[in-house]
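Dear colleague,

I am passing on the structure below, together with some notes on what I found in it. Please read the notes beside the model.

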Amino acid sequence: MNSLFEKTKLNNLNLQNRVVMAPMTRARTSQPGNIPNDMMAIYYKQRATAGLIISEATQISDDSQGYSFTPGVYTDEQVKGWQSITKSVHKEGATMFCQLWHVGRVSHPTFQKGELPIAPSALAPIETKVWISDEQGNGNMVDCIQPRAMTHDDINRVIQDFAYSAKRAIEAGFDGVEIHGGNGYLIDQFLRTNSNHRTDRYGDSRENRIRFLLEVVDAVSKEIGSEKIGVRLAPFITFKDMDCPDIVPTILEASKELQARDIAYLHLSEADWDDAPVIPENFRIELRKRFTNSIIVAGSYTQERANEILNKGYADLIAFGRPFVSNPDLVSRLENNHDLATLDGNTLFGGNEQGYIDYPAYSEKILETEL
């Protein structure tokens with residue numbers, strides 16, 4: 001019987017348990033330059049009892065940004081900022097991967113030096129907004145606009161940006177990188193028929209729609225090795241105008257190709273809202289047939305449900321997102337069946353220490369005071 005709290009391995013990396021801290025955008029970088037800072041180091045260190053921490057989504061280039069205050073990992077200053085974070089996490093015993101993203105059409109000219117965002121096709125996402133803030137943290141949600149379709153030169157440049165930022169991430173002390181291929185961002189936009197209307201070698205057929213993902217993986221693998229690569233996919237998430245009828249078979253085909261490349265893991269981003277679609281068991285079975293390396297799942301998992309998925313062999317690691325925000329000692333709370341602290345949703349994005357590093361760890365004294 002597999003347990004959420006037992007030690008395990010991720011390729012050649014030793015993990016202190018099967019608990020993963022999921023990537024969560026918190027928008028707390030220093031400006032200008034989207035530089036990781038000491039406050040972020042405290043935040044991640046507080047949560048480093050997880051076996052694996054996956055960083056918040058991190059830019060690979062100037063034009064890959066879609067929200068204010070999100071970090072990058074491609075400048076010297078950004079790499080230096082991350083170095084203190086990875087050092088503090090490793091000191092606590094956790095492994096850490098950097099999630100690399102390019103948002104594609106989920107952006108705004110504000111982040112593009114006045115130019116249009118890029119995407120597989122010139123199709124604006126319906127009812128999709130990005131958060132734009134001034135340096136004082138006063139921001140608003142703003143509608144995305146119609147992007148321009150990427151040329152082959154654009155595609156080649158972005159592939160190299162992924163590879164370069166992966167190399168910089170290793171220099172920053174990360175144990176590996178997770179390529180963000182889900183949740184409506186650039187790679188996901190290539191995978192889906194409703195956002196990819198291309199007729200060249202990057203569009204139309206499944207083989208062509210997964211080509212960009214695979215070329216990114218190949219370029220990153222050449223720089224840092226396939227054993228240091230994870231890929232996040234989101235087959236059943238349709239927000240950001242991403243409802244594609246062919247996405248499930250497309251992702252199953254992609255997973256077979258990713259297994260052939262022997263990457264470290266697949267990370268499934270599952271919907272986490274109340275009426276979210278239930279992941280069909282036959283999908284989990286088919287995915288496991290095609291991908292035999294480690295699988296991470298994330299999506300409102302309880303301890304009981306996590307152990308059930310582990311023991312059925314559908315996953316090897318379980319990622320927790322929002323519970324980690326308000327419970328820096330989440331692993332201990334789960335293991336000891338302690339109540340979880342309530343999340344303050346108003347402090348998720350942007351701001352200061354409040355709602356970021358001021359959530360206390362569980363203690364009997366706090367409990368007695370509350371009573």
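Glutamine 99 has its place in strand E6, where strands (E, at least two residues) and helices (H or I, at least four residues) are DSSP runs, numbered from the N terminus. This is a predicted model, in which local features need pLDDT of at least 70 and side-chain atom pairs count only at pLDDT 80 or more, while totals for chains, interfaces and linings use all residues. Residues are numbered from 1 along each chain as its sequence is written, and side-chain values use heavy atoms, with hydrogens and water left out.

Glutamine 99 counts as buried because its relative accessibility is 1%, buried meaning under 20% relative accessible area, exposed over 50% and partly exposed in between (1.4 Å probe, protein chains only). Not counting residues up to four places away in sequence, glutamine 99 touches Pro23, Ile54, Ser55, Glu56, Ala57, Thr58, Glu178, His180 and Arg232, contact meaning heavy atoms within 4.5 Å. Threonine 95, which also lies in strand E6, is buried, with a relative accessible area of 7%; with the neighbours up to four places away in sequence again left out, threonine 95 touches Leu13, Asn14, Leu15, Gly51, Leu52, Ile53 and Asp175.

**Helix H1**

In helix H1 (residues 38–46), Met39, Met40, Ala41, Tyr43 and Tyr44 are buried, and what covers these buried residues includes strand E6 (95–101), strand E3 (19–21), strand E4 (52–54), helix H2 (76–91) and helix H10 (322–326).

**Two helix pairs**

The axes of helix H7 (residues 247–260) and helix H8 (residues 281–290) come within 8 Å and cross at roughly 25°, axes being lines fitted to C-alpha atoms, for helices over the stretch in contact, with angles running from 0 to 180 degrees between N-to-C directions. That makes H7 roughly parallel to H8, since angles under 35 degrees count as roughly parallel, over 145 as roughly antiparallel, 65 to 115 as roughly perpendicular and the rest as oblique. Val248, Leu252, Ser255, Lys256 and Gln259 of H7 make the contact with Phe283, Glu286, Leu287 and Arg290 of H8.

The axes of helix H3 (residues 152–171) and helix H6 (residues 211–224) likewise come within 8 Å, crossing at roughly 35°. The contact is made by Ile155, Val158, Ile159, Gln160, Phe162, Ala163, Ala166, Lys167 and Ile170 of H3 and by Phe212, Glu215, Val216, Ala219, Val220, Glu223 and Ile224 of H6.
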